[in-house]
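Here is a short briefing to read alongside the model.

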Amino acid sequence: MEIVVVSRHTEVPERFRQHVEDKLSKVGQFSPYAQRVDVEVTHENNPRLADRAERVELTVRAKGPVVRAEASAPDRYAALDLAAGKLFERLRRARDRRKSHHGRAEAPPVPEPVDLAPEPVEDDEISMTPTPPTETGVAVEAQLGDSPVVIRQKVHDTDPMTVDQALAEMELVGHPFYLFVDAETKQPCVVYNRRGWTYGVIRLNYEAEALLPASA
């Protein structure tokens, strides 16, 4: 299994690289088919963010779904420990999920979607729109006009999937939501965690009509 360490706004000494390899050597125990682990170390230069100045993002790439975890801390060793703990827990849950789903006839029901429309934003609050990235898998950050807001964007490749598969993917990346294309309706959808084991689904009808082939 290959471990690739990259850095943003900082340098990564050999000592830390060796510590990363030792720490992530357990990945194979949870994911025997893991081919590579990407480790991204980012330093935040803002003194006001000293308590989370170091961020470590871990991505496990295997034959199956991608599994991610990230954490921030005052130093990179602590951030790595926190991120690795989250990663191992998600890998373990993914392994257990595969076992429990073996031979299952149908997926559990999903609650009805709820309206999560964002609050209206005044025009003078937004001075410009960041340009969407075009390269897959590469994160792009841009400041929103003259404001202190920074937008981080990334393009991901995907295949249509079921709601149950989307829920599994959401658990693996550790996000409170997951964007996907429904395999049956071809609608762009978002699944999200409401509370506990309760989930919601948001579907976009307008975009779905544009994606569906025209009727004869």
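The largest nonpolar core has 28 residues, and L24, V27, V39, L58 and L87 have the most contacts inside it. A nonpolar core here is a set of buried Ala, Val, Leu, Ile, Met, Phe, Trp, Tyr and Cys residues joined through side-chain atoms within 4.5 Å. Buried means under 20% relative accessible area, exposed over 50%, and partly exposed in between, with a 1.4 Å probe and protein chains only. This is a predicted model, in which local features need pLDDT of at least 70 and side-chain atom pairs count only at pLDDT 80 or more, while totals for chains, interfaces and linings use all residues. Residues are numbered from 1 along each chain as its sequence is written, and side-chain values use heavy atoms, with hydrogens and water left out.

- Not counting residues up to four places away in sequence, L24 touches M1, I3, V37, V39, L58, A84 and L87, where contact means heavy atoms within 4.5 Å.
- Another core, of 12 residues, lies apart from the largest one and includes V163, A166, Y178 and Y199.

**Aromatic pairs and a charge over a ring**

- The structure holds 2 aromatic pairs; rings of Phe, Tyr and Trp (its six-membered ring) pair if their centres lie within 6.5 Å, with planes under 30 degrees apart counted as stacked, over 60 as edge-to-face and the rest as tilted.
- F16 and Y77 have ring centres 5.0 Å apart and planes at 90°, so this pair is edge-to-face.
- Because F16 lies in helix α1 and Y77 in helix α3, the pair ties together parts that are 61 residues apart in sequence.
- F16 is buried at a relative accessible area of 0%, whereas Y77 counts as partly exposed at 30%.
- The pair of F30 and F88 is stacked, at 5.7 Å centre to centre and 20° between the planes.
- With F30 in helix α2 and F88 in helix α3, this pair ties together parts that are 58 residues apart in sequence.
- Both partners count as buried, F30 at 18% relative accessibility and F88 at 13%.
- R76 lies over the face of F16, 5.6 Å from the ring centre; a charge sits over a ring if NZ of Lys or CZ of Arg is within 6 Å of the ring centre and within 35 degrees of the ring normal.

**A buried loop residue**

- S31 is found in the loop between α2 and β2, and at 11% relative accessibility S31 counts as buried.
- Leaving aside neighbours within four places in sequence, S31 is in contact with A62 and L91.

**Helix α4**

- Helix α4 is mostly covered, with 10 of its 11 residues buried; among them are V163, A166, L167, M170 and V173.
- G174 follows α4 and has a positive phi, near 75°.

Technical notes
Helices (H or I, at least four residues) and strands (E, at least two) are DSSP runs, numbered from the N terminus.
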